[in-house]
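Student: I have just opened this entry and would like a guided tour. Could we begin with the core?
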Amino acid sequence: QPVTDPTRIGLTKEALKQAFVDNLFYIQGRFRDVATANDIYMAAAFTVRDRLLARWLKSAQHFKESGARTLCYLSAEYLLGPHLINNLINLGILETAREAGEELGLDLGEILATEEEPGLGNGGLGRLAACFMDSLATGQIPAIGYGIRYEFGIFDQAIENGWQVEKSDTWLKNGNPWEIPRPKITFPVRYFGHTEPYQDEQGRLRIRWIPGLVVEGVAHDTPILGYGVANANLLRLWKAQATESFDFQAFSTGDYYRAVQAKIEAETISKVLYPNDEPAVGKELRLKQQYFFVSCSIQDMVRLHLATVGPLDTFADKFVAQLNDTHPALAVAELMRILLDEHGLAWEPAWDITHRTFAFTNHTLLPEALETWPIELFERLLPRLLEIIYEINRRFLDEVRVRYLADEARIARLSLIAEGETRRVRMAHLAAVGSFAINGVAALHTDLLKTTVMRDFHELWPDRFHNVTNGVSPRRFIVVSNRRLARLLTSVCGNEDWMRDLTALRRLESLAEDQGFHEDWRRVKLAAKDQLARWLAAKTGVRIDPQTLFDVQAKRIHEYKRQHLNLLHIVGLYQRIKQDAQFRPPPRTFLFGGKAAPSYAMAKLIIKLINAVAEVVNGDPQVNGHIRVVFVPDFNVTTGQLLYPAADLSEQISLAGKEASGTGNMKFAMNGALTIGTLDGANIEIRDAVGPENFFLFGLTEAEVRQRQADGYRPSDIYHGDPELATIIDLIDSGLFAHGDKTLFRPLTENLLRHDPFMVLADFRAYVSCQTLIDEVFQDSARWTRMSILNVARIGHFSSDRAIREYGERIWKVEPVPIQV
Ligand code: 26Y
């Protein structure tokens with residue numbers, strides 16, 4: 001039995017040392033004195049992976065034998081972040097590993113820093129999927145995460161001359177020790193071609209899809225271990241490869257070039273993650289990607305079911321599948337196709353199974369982000385799926401007609417097909433019709449879903465709607481990111497139970513006034529700021545002072561998130577500090593981080609403006625002792641782990657009604673940052689939880705936003721009525737931040753003055769006033785510290801463990817299945 005070999009599974013220091021030495025020799029093929037940093041990382045990673053495998057296989061075997069109900073999370077993105085540190089913590093061997101390293105003359109910190117994070121996601125939605133995988137395993141829920149093994153994940157961001165430059169992310173170039181390729185778990189995925197009817201052996205009419213292209217998906221499995229439990233779940237990502245038979249066809253006609261060409265075409269499908277979040281762009285390759293991973297995943301689920309449980313009529317009892325936004329919505333039609341065409345079920349039983357299988361999460365209200373696909377493209381690429389979607393729609397609209405008689409306008413609004421110049425398939429409608437539950441990701445978001453984008457569906461099926469407010473993993477965002485805070489929290493709580501029950505941090509409340517504890521608290525924050533400062537100096541040469549207020553906005557760059565509102569405040573401060581020798585607010589360091597979609601010109605211009613303002617402010621000795629501005633390049637999970645712990649102030653300043661939830665807001669608050677925020681997304685619930693007196697609120701409410709828009713919002717009126725604001729905008733237009741070029745930032749300022757779709761100017765005054773209050777409170781360090789402690793004490797609700805528990809109980813109806821070590 002290999003699972004008893006102590007070198008493979010032992011958790012003692014001696015076992016870890018022996019395993020590392022073995023792995024360096026037998027896997028990396030290196031003697032210690034010639035080993036590269038990567039060799040050492042790989043040997044360490046394999047040492048840890050060995051220890052996951054026994055737990056993982058045991059979990060899989062037990063789930064199989066017990067026929068446990070299993071959650072399948074379908075997501076086009078998983079923004080995992082580094083594995084090694086997380087697995088060391090979840091195994092409970094971080095300190096042992098550090099000591100083992102020391103005795104071998106190795107620095108664990110350096111080994112950890114060698115890992116290239118798998119950045120298989122854009123932002124919030126992808127990171128949410130990763131937090132959910134962590135919490136599913138920790139909550140002992142049998143689960144499989146299905147997705148795409150992108151060869152190139154989200155681009156690496158470099159800043160050149162103040163502009164964002166995209167570099168390809170080559171995360172696989174040194175090998176990926178965490179994944180296990182499964183060359184025998186492959187499924188064919190069809191594209192193009194046509195369909196034709198035929199009679200099966202029983203004389204029933206069936207449909208056959210004769211494809212024009214067949215691509216194969218190969219499973220690549222990564223174990224996801226829970227914290228402090230032996231449960232490990234499966235993350236199964238599909239890689240595209242050409243089918244042998246397809247190559248062979250071309251070879252046999254002697255067309256070698258075409259065969260190679262076909263191989264390239266097939267493998268392109270899992271090559272690269274699309275780097276834009278909203279707006280949705282209708283690229284053929286993206287639709288190919290979506291169908292690719294959905295088809296492999298559903299085929300895999302059906303195979304697993306047939307191999308373990310048996311008859312397909314119990315499929316929805318064995319599996320429940322969560323659609324992470326509409327990206328996997330084709331799963332509804334694909335399961336129907338498999339049940340109808342491959343297993344010969346009749347429509348009604350097939351639909352019954354399908355409809356009991358899926359649940360759908362919506363992550364956005366922005367109309368431009370809602371996915372629709374031109375019928376023409378659909379018909380060409382996925383002819384059989386379009387037929388099935390038409391039939392789903394026909395039956396659905398018949399049901400609607402019975403309910404609402406001749407309400408043709410409503411029928412058109414509900415249809416899965418948008419009529420118009422080009423007819424399009426509405427993916428959100430497909431997901432909604434095919435699901436037994438639909439949820440939003442924060443209370444406000446769910447309310448708005450019901451009254452705006454999904455209003456007609458809500459009227460039709462009110463009971464299908466749920467709210468599950470997002471959460472984030474306390475392992476990733478406290479234990480991994482902020483060791484010092486974790487240690488302090490453990491000492492206060494007396495044990496580490498808070499790591500899986502974050503509401504245990506309530507105990508901190510009793511220390512909110514304790515002077516001695518205040519000192520500990522501030523020491524932890526200062527150390528994190530110092531660590532960020534040292535990293536930044538080494539990485540970019542920029543110096544920042546840990547004694548200043550760290551004001552951080554880190555998230556994707558988007559107009560609705562309003563990084564430019566933050567900038568207007570900074571330019572205003574710059575101006576006042578220069579003009580008024582009496583005006584000396586507490587010194588602040590403004591830190592920004594975030595990637596812009598490569599095609600989003602305005603977002604890229606905002607990055608340029610941040611860097612341009614930074615250059616002027618930081619280069620001006622009259623002000624640079626008071627304020628400093630830094631754009632931290634390449635915001636990702638790894639750099640986030642440095643930023644969240646170091647923040648004093650968290651900027652959550654989206655226009656009310658636009659940010660579905662936000663999750664950065666939770667990560668910052670968990671690390672003791674105070675929030676300046678609008679009543680948007682989960683900010684509202686965070687404020688309720690931590691107490692309004694511990695949250696800096698400003699700005700229009702969602703209702704006020706609607707009212708102002710209805711009344712005819714005119715940003716230029718605000719400009720003309722606020723001389724300070726006018727000066728700021730004029731200063732940006734003056735060329736001061738562009739070496740005299742008056743036109744560079746015009747697209748931005750003109751947009752603000754003429755349209756200002758996200759009401760930056762409307763909220764400017766309230767924002768600045770709120771920042772002034774913050775300056776005041778920050779100077780009262782006892783008050784600030786108290787507020788910071790209370791934020792952490794009361795943030796427990798925003799753990800992804802709670803979110804997963806809610807999904808599990810209210811939607812998935814899954815139960816924990818503990819695994820014994
Ligand atoms: C269709 C394609 C272009 C696309 C790709 C990625 C569209 C959207 C996305 C990603 C969206 C996203 O990250 N949404 C965020 O989801 C978070 C988790 O629920 C929310 O906290 C956040 O408010 C929302 O913007």
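Tutor: The largest nonpolar core has 245 residues. A nonpolar core is a set of buried Ala, Val, Leu, Ile, Met, Phe, Trp, Tyr and Cys residues joined through C-beta atoms within 7 Å; a residue is buried if 20 or more other C-beta atoms, placed from the backbone, lie within 10 Å of its own. Please note that this is a predicted model, in which local features need pLDDT of at least 70 and side-chain atom pairs count only at pLDDT 80 or more, while totals for chains, interfaces and linings use all residues. Residues are numbered from 1 along each chain as its sequence is written.

Student: Which residues have the most contacts inside that core?
Tutor: They are Ala 331, Val 332, Leu 430, Leu 609, Ile 610, Val 613 and Leu 643.

Student: And what is Val 613 in contact with, leaving aside its neighbours within four places in sequence?
Tutor: Val 613 is in contact with Leu 567, Ile 570, Val 571, Val 629 and Phe 737. Contact requires C-beta atoms, placed from the backbone, within 7 Å.

Student: What about Lys 608: buried or exposed?
Tutor: Lys 608 is buried, with 22 other C-beta atoms within 10 Å. This lysine, Lys 608, lies in helix α24 (residues 601–618); helices are DSSP runs of H or I with at least four residues, strands are runs of E with at least two, and both are numbered from the N terminus. Beyond neighbours within four places in sequence, Lys 608 is in contact with Gly 162 and Trp 163.

Student: Changing topic, why is helix α4 largely enclosed?
Tutor: Seven of the eight residues of α4 (residues 84–91) are buried, so the rest of the structure largely encloses this helix. Elements covering its buried residues include α3 (37–66), α5 (94–103) and β10 (213–225). Just after α4, Gly 92 has a positive phi of about 75 degrees.

Student: In what order do β14, β15 and β16 stand in their sheet?
Tutor: The order is β14-β16-β15, in an open, antiparallel sheet of three strands. Strands β14 (372–374) and β15 (417–418) are at the edges with a single partner strand each, so one side of each has no neighbour in the sheet. Pairing requires at least two bridges found by DSSP. Ile 417 stands opposite Val 425 in β16.

Student: Lastly, which residues come nearest to the ligand?
Tutor: Of the 21 residues around the ligand, Gly 124, Leu 125, Asp 277, Ala 660 and Ser 661 come nearest. A residue counts as near if its C-beta atom, placed from the backbone, lies within 6 Å.

Definitions and conventions
A residue is buried if 20 or more other C-beta atoms lie within 10 Å of its own, exposed if 12 or fewer, and partly exposed in between; C-beta atoms are placed from the backbone. Two residues are in contact if their C-beta atoms, placed from the backbone, lie within 7 Å.
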